[in-house]
Every structure is written in C-alpha cells, then in structure tokens.
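Try each task before reading its solution.

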Amino acid sequence: MAANQDQFQQVLDTLLSTDNNIRTQAEEAYNNLPVESKVTFLLSSVHNAAMGEELRQMAAVLLRRLFSAEFMDFFPKLSPEGQQQLKEQVLLAVQQEESDSIRKKVCDVAAEVARNLLDEDGNNQWPEFLQFLFQCANAPTPVLKESALRMFTSVPGVFGNQQSHYLDLIKQMMQQSLIEGAGYEVRFQAVRAVTAFIMLHEKEAPIQKHFSDLLPSMVQVTAESIEKQDDDTLLKCMIDICESAPKFLRPQLDCILDLCMKVVSNDDIPDSWRHLALEVMVTLAETAPAMLRKVGAKYIPLLVPQVLKMMTDIEDNSDWSVSDEIVDDDNDSNTVVAESALDRLSCGLGGKTMMPHVEQNIPGMLSNHDWRYRHAALMALSAVGEGCHKQMEAMLPQIMDGVLSFLQDPHPRVRYAACNAIGQMSTDFAPLFEKKFHDKVVPGLLMVLDDNANPRVQAHAGAALVNFSEDCPKNILTQYLDAIMSKLESILSTKFKELVEKGTKLVLEQVVTTIASVADTSEEQFVKYYDGLMPCLKYIIQNANTEELKMLRGKAIECVSLIGLAVGADKFMRDASEVMDMLLKTQTEGDLQDDDPQTSYLISAWARICKILGKQFEQYLPLVMGPVMKAASMKPEVALLDNEDMQGIEGDIDWQFVSLGEQQNFGIKTSGLEDKASACEMLVCYARELKEGFADYAEEVVKLMVPMLKFYFHDGVRTAAAESLPYLLDCAKIKGPQYLQGMWSFICPELLKAIDTEPENEVLAEHMHSLAMCIETLGNGSLTEEAMAELIRILDKIMKDHFSKAAARQEKRKDEDYDEVVEEQLEDEDNEDVYIFSKVADVIHSLFLTYKLNFYPYFDQIVGHFVKCLAPEMPWPDHQWALCIFDDTIEYGGPACAKYQEYFLRPLLNYVSDKAAEVRQAAVYGWGVLGQFGGDAFAGACSEAIPRLVEIITDPESRSPEKINPTENAISAITKILKYNNSALNVNDILPHWLSWLPVWEDDDESPHVYGYLCDLIETNHPLILGPNHVNLPKLIAIIAEAFARDAIDVEHEVAKRMVGLVRQIQGNSEVFQACITQLTSEQQQALHEVLSVN
C-alpha cells in the first residue's frame, strides 16, 4: 500500500507539471485508477502532513470533484464500516488541518459528501455531520467556526426535511458568528452562509423574515470588507440576493444604498469595486423597481449624475477615428459598464422615474467644452431610449434639435456619438421618428458620409442610415433615393480604389450594407440603380478571396441578394444563375471553416434567391442543403463548472453562465447560436416557398427540427422549428397519406410535449400556432384519441394557469411597494396571458374547423373555463376570446350548438353593446353565424338581437376607426339573419334601412356576404331595393363602384364577378348607365372602368 501511495504521490506531483505532455500522461494514469483506489489515495494524501502543501491541496480538489461526479457509483458498494470510516476521516481532516488553504478545500470535500448523503425526500443520512457543524460553530477556536460556516455555505440545504426543527438553531449559529467579537474572518464567512441560505429559500418569505434581523450585521461586515479591499465576495453576495430575494434587503435598503452610493462616487476606490456597488443598485432596479422607487427614491437623483460622470472616463486616442479595425471597448471599462447601467436603470425603473434626472443632467453636458461630456451625453440618449420610450417620444423635437447640431461637432468622437444616437432613435421610435425627422436626418447623415478624413465616423453615419432605412416608410425614403444613392455610389467607387491601393475596408463594408438596406426598403423603385451597382458587387464576390476580405465578401453577397429581392425576378433573372454559381463556388471550393463569416451570409442569400426564383430554385437544392443542414444542426459547446473552475473565464464574452446553486454553474458557448437560428429560418423558407419541390428533404428536416422544439438555449431556434412543421407536412402530402401519417406520428407527441413545457410565452404562442396549422393541414381525424386527450389536458392546464396568474396579479396590487409603474408591468403581463389565450382560441378553432360536431365531446371537458370567462366581472379580453370560441361552436356545429345556448345566448346579446370594440365585434359576429348556421330554433333569438345590432350601426360614431369593424360585422350579421333565418322577422321592414347602411369595405371576410345578398336582391328585381321605376339604380351603381374603389372585395371572388355582371347588364342601357356614371366620384368611375375592362 505504501509503495502504491508513493507512486500516487508521483502522479499528483506530475499533475502539477507545466509541461503539457508530462501532465497529460499523469492525467491518463490518474484516470485509469479504480474509483475506490483514488478515494483511498486522495484521502491519505490529504491526511499526510508530511506531503507538500500544493500536493495536498491538489488531492483535496480532486477528491471533491470525484465526490461531485461519482460518489453514488462507489459509496453504496462500501461496507457499512467502510462508509463510517470514510465519513469519520473526512470530518477528522477538517478538524485537524492546520493550513488555512487546505482546510478550505477539505471543508468543500465534507460538504460534497453531506450533499450526496441527503436523499431526494430530504432525509439526512449523515446526522454526525449536523452535530459536527454545531460543534464547530460553538467551538472556541475561530478556524473551526469558520469551517462550520464554510461547509454550511456549500450545502445550505443539509438539514433536509428536518430544517424547520433546526431553524432557530441555524439562526443562532449565524447570529453568534456575526457579532463584533467573533472576528472578521468568521463574520465574513457568516455573511456568505446567510446569503447561501436565503438564496436557497428565495421564494419563502417567512424564512426570509425570520432571518431579517441578521441584515444590519451583514451590511456592517460588507462595509468592512469594502474598507479592507482584499476580497469582493460579500459585495457579490449582495448582488446575488438582489437578483433572487431583493425583498429580504428591504429593512436595510437605505443603509445598503447609502453604502453603495459612497463606493460608486469615490474615485479613489478601484473601479472593479465601484462597478460591483453600481451593480447592486442596478440589479435592484431590475428585480425590485417598485421597492427602489419607494424606499430608495432619494438615491436615484444622486446615482444618475454619477453614472453619467463614469461614462466620461474615456481616452482621447488620436488614432481612434482613422482606425480600419474596430476594437470594441473593454467590457469592464467605466464607459461600457456605466452605459449598460444607464440602459438597465431606465428599463428597470421606467421613464417616469429616470427621464427627469436624464433631462436635468444632459443639457449641461452637451454644452461642456470637454468633448468627453458631449460624447457621454449623446451616448446616454442612445442608452435610455428603450426604458424612457414614452417620455422621450413626447420630447423628440427638442431632443433632435440638439442632437443634429452635433453632427458638425469639432471632435470626431462626438460626431460618431451623434450618429449613434440618431441610429438608435431610428430604431427605438420607428416609424414616427422617420416620419417626423426625415428632412433633417437624411441630409445630416449624408453630410457626415463625406467625412473621408475620419473613416470610423463616416462608417457610423452609414450604419445610422441602415437603421433609418430599415424602418422608414417606402414613400418617404424614395423621396431621397437619388441623393442617397448618388452619395453611396460615389463612396463605393472611392473606397473600392482605397481597398486596392491601401487595403482599407471599414467604410467599404459599411456602404455595401447600407446599399442593401436602402434597396430592401425601396423595393422596385431601386431598379434604376441596379445596372450601375451589380458589376461592382459581382466583382467583389469573385475577387475578395483573402482571409481579411471574407466579411466584405459576405456583405456583398447579402447586398446582391437583397437587391435581387427588391427589384424582382424580371430584372434579377439574367444575373441569377451567375450569382448562384458564384455563391455555390464559394461553398464547394472555399473549404469554409465553421466560424467563417461568409457562411451565414450565404445561407440567408440562398433563401432570398429561392424567394425570387421560386420553382426554378429546386435545381440548386442538392448543393445548398448540405451547408444549411450543417449550420442548423450545430451543437453548442456546453460545460458544467464548479465555482473554482469559473474563476478566470466569467468575463468571456463568447460564453454565458447560469448558476445552478450549490457550487455548480452551467455554461454555453453562445457564438454560433444566431447562425444556427438563421439556418433553421432558411429551412422554413425553402419548405414554404418550394412546397412539393422540397418533399425529398422533408423527412430529413423534420428529424432535425422536431428535437429542436426543446432547444432551450435559443428562442429563435425553437420558434423556427415550430414554424417549419405545417409547411413540411404540406411538402410531404405529395408522397401519399401513409407517408404523411408517419411524419405526423413523429411530430405530434413531441409538439404537444413542447407546448406543455415551453417556458417563454412568445415561443409558446408559436408552438400553439404551429399545432393549429398542422391540424388544419391534416384535416378531420388528425389526432389520435391519446393525442386529443393530451391536448385537452394541456389546454385545461393553460386555462387554469390563465386564471391563477390573474389572481396572482391581483395579489401584487396589494404589495406595499405597488405603484402606477407596477400597474403598467402587470398590464403587460396580462397582455402576454391574453395573447396565449388567443392561441388557445386558435387551436380550438382549428379543431372545430376540421372536426365539426365531432369535437363537441372533447370540448365539453374544457367548456367550463370559457363559461367562466363570460362572467360580467371578468376582464374584457376574456369576454372577447370566450365569445370567439362560442362563435366557433355555432359556426361549425350548426343547429347542434343549441346544447350550449344556456352558456352563450344571453352573453351574446349583452356584449353586443359592450364598451370594448373587440368584445362587440366578437358578439356581433356570433349573431351572424347564429343567423347563418343556427337553424330555425334560433329565429326568435335572432329577431330579438336585430334592434341591438341596429343601435351599433346607427351610432353617430359608427364609422370611426375604432368602431368600424363592429359596425360592419353588425351589418353582415343582419344580412345573414335576413338571408338565412328570417322566419320571425318582417324582412321588408328592415331592407330599406339595410340598403342605407351600404357600402361596407373594412372587413374582407364579411364583405362577400353583404354584397352577395345585394346581388340576390337585385337579380330577383326586389322592388324595395330597385325602387319604383328602378329609381335606386344610381345608388346601387355607386355602392358597387365604392366597393371596388376601396378594395372591399377581391375582383376574382364569385360575388365580385356577379357584381360586375349586374353593372354590365345596366351598361346595356347606355342612357341609364350614363346617368348613373355621372353621379360617381372620379375614384369610383376609375374603379368601375378597371373592373369592366378586364375580360
């Protein structure tokens, strides 16, 4: 054994070697040892005081990792004596160890064993550990107290299901450790321990309240740690509590904010500490904004100027504006940290709180002679736009008056910041910003685009123009098209020469992107620049083959495809095959690396060209599918790291980490995820555009997409996966019903599981929409009994959640920190819930549409939820969507819907006159389908509804924008009752009124019903419609002409053809027709002329 131990010591020794080869051999030797031997040797090494400290530390670290990963593989195999001995040895090591650094590591080992000996039911199978904890905590020596706290911090849930019995003892242990006389190290560890315990109970307010009187001491120790400046752990602990349990801090919030404010405003304290103190306040603004607004209100006016001042800490580097390579500012520089903080404070606290302080500080900074202050002020305006949206929107004219003048500032970085602010506001306030300020913004940016002496500023003006173009209404941008394109073409030409002569490419890359964006918005208007641009762009694609020009080439590829999409197939077709050949050559000959920037540009370009070429793109599928599938199949790198491993890589921008608690962190490499999502979206595009032409790839793509419904690392991937499924089913129809059924059998259970477990509302909505589309694509009987039962269970769960979330929001309104900004957030949450409810209605609609009456037995299992939604006390969106669902029971169930009339008939009548237009529309539509499909049993009810419907139509404001939809639905509803269900009415009494309500034009779905009935009446020469001696003909012609002038009905629709036929009949009598025509407006005459000249 001793010899083996010596050999093991050598292995440990070589594990510390700086030589990679030697260390790799040692790792192999270590990994090849049986687990039991490793445990024995490592534990002996920890106990061996004669060994070097570094080796013993290494042994302790390896032992903890071993217990973390493989404890349950070997521990149960030990004899009871062996198990007991192991536990004793571990505790003994804690007790006897004299080296501080090794003792810390051994505490982690003991905590790891304790964690593993707590079963799933919370039974602690190591009671001696709990006794040992209390013994150490009460020991006279500070090092043992510290050890107890350290172990408790690592495994705060160690008391398991007995915790409630021990709660007072735990608190007492913490209290004793936090008192002044306990010594700094013990008090330091006690703060960590309380933090870990509170984090474990982040949702349990009673426990937090029980421990709240420890807070003053915790804040005091944290303040001491800031004075000492040797370990910032306690500030990080405070940030953790701010993130997970901010309410715990409320009793001491004033002291905490005061402490943090002193740190942030003290330039003598190292920046990293100031950033942490700022992070405490910013995190509170995000997790408990109402509490911060109420309790910490006096600190906000002090904090904003400090953050703005921090943003001025920027070097004056003379090379900055001429640099061709953009190196982003350090993530931990004051400017970046402060700008991010300002953005987060604005989003967290809201514009009502933040904007007055921004408004107070910015003007002085803008007039400061020091360029750094002007730069910071402009960057601040960019940063607060999202959070202060409503307040800034009202002040945009004043803000823009200021910002525009800085496009001519003497300092290039200020001009850059002005471009940045304009670009950001173009996005944040679109399209209002573009509509209001186009006449100043476009000339201003074109002026900065002439700044050849400062390429970085010049390029940023191009970037701002991209943001402006993206959201600019086409009719506005095209007013400036010649000016913009003349400038961009000139820069393209100049910078192309510079690339050849000097190798500079920054502005060239940007101009290519700007041209692409302008083309995208201008669409067919861009055609006149096509011939001038295409040769240059094709030349770049053909010749920009070196490593440093890959990005330029990618952007040129994007530009060509966007121009092609803008100008359309007719113009692009002659270049299409040449462009595709160039792109395919890149892929087949280029040997593209996984991280090559061209790949994502290629994949997106192919999808655009697919849209342009349509069926003709099928020939390229065998060549493009490989790279697209490869990008879509990308598996991200993930890692499970303990807190020690995390040190040193936390700041890596390519990785994101989530703490799993108890020393564990999950990391994912985020670079590449956007490309994966983009590739998935392109596959959706191919399936949608090519339909059966994509059938041969449908199975392969379905096998890729279905598992990605649960790709929780990226919302866009899950969304694209869901969106693809109905299109893929559509593609597969050509392969026959059996093949289609096989594919659906693969999709259906996974799609239902995804709906059941999806955490994000936006993605859940996409999943539900996808299911509805799939059901509609497949038709009646698409769901097996098992699938239908599962779907009904899920819909039932979603509706129960809907009600419980509404109740939870009511509770939040009783919170001590509730205010009007909280109310706005609750309303946003409510809107999200309503959106999900609307998707429930979509799914039920698809089931009624396909199953008709056969869906009733399943609907009966959840109908109670929608009856509840119709109750008067429920919010109006619940009324709206429940009515829509009952409308479907009528429309697709016909007379059999009578079984539900006790639920819907009275609400349908009452809600016709509801305050909310959306509710009125749903109720009114219900009367229309009841008239059309309900049958004779509902004739009396329909007759009773007519006066209510007439009230809507004859309201003086009935044609106002917010009322026109319910109004036209009411006209359509009366039309359907008159046509299909008039036995309890005198039709002739109503017809003259009905005719006076025409024309209708707003609702494409309802117009055909109204005009179809009008055609019926004219074709049968109804006297009340034609009038004595056909006196009403001019009015009827005017109604028909207005319908066509307003695009009320598709000219290809059967009813439209009947309308044209009737006009032609009247046209046969030229005198009468001429009399009718002269009374029309020029728009009506033009519309009639157009429909009559077809065929």
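UniProt positions are given in the numbering used here, and annotations may be inferred rather than shown by experiment. The model is predicted.

**Exercise 1.** Find which residues the annotation "domain: IPO4/5-like TPR repeats" covers, and describe the chain there.

Solution. Step one: the unreviewed UniProt entry places this domain at residues 99-258. Step two: over residues 99-258 the chain is 70% helix and 0% strand.

**Exercise 2.** Decide whether Val840 is buried or exposed, and list what Val840 touches.

Solution. Step one: locate Val840 in helix H40, residues 820-851. Step two: buried means under 20% relative accessible area. Val840 has 0% relative accessibility, so Val840 counts as buried. Step three: not counting residues up to four places away in sequence, Val840 touches Met768, Leu795, Ile798, Met799 and Phe866. Step four: Leu795 is 45 residues from Val840 in sequence, yet their C-alpha atoms are 6.8 Å apart in space.

**Exercise 3.** Describe the second largest pocket by its volume, its central residues and the makeup of its lining.

Solution. Step one: the second largest pocket holds about 910 Å³ of space. Step two: 29 residues line this pocket, and Pro246, Lys247, Thr287, Ala288 and Asp815 are the closest to its centre. Step three: helices H11 (205-210), H13 (233-244), H16 (289-295) and H40 each supply at least two residues of the lining. Step four: sort the lining residues of the second largest pocket into 13 nonpolar, five polar and eleven charged.

Methods
Residues are numbered from 1 along each chain as its sequence is written. This is a predicted model: local features need pLDDT of at least 70, side-chain atom pairs count only at pLDDT 80 or more; totals for chains, interfaces and linings use all residues. Side-chain values use heavy atoms; hydrogens and water are left out. Helices (H or I, at least four residues) and strands (E, at least two) are DSSP runs, numbered from the N terminus. Buried means under 20% relative accessible area, exposed over 50%, partly exposed in between (1.4 Å probe, protein chains only). Contact means heavy atoms within 4.5 Å. On a 1 Å grid over the protein atoms alone, a cavity is a set of points where a 1.4 Å probe fits but cannot get out, and a pocket is an open set with protein on both sides within 12 Å along at least five of seven lines; lining residues have an atom within 4 Å of a point. Grid points are joined across faces, edges and corners, and a volume is the space filled by probe spheres set on the points. Ala, Val, Leu, Ile, Met, Phe, Trp, Tyr, Cys and Pro count as nonpolar, Asp, Glu, Lys and Arg as charged, and the others, Gly among them, as polar.
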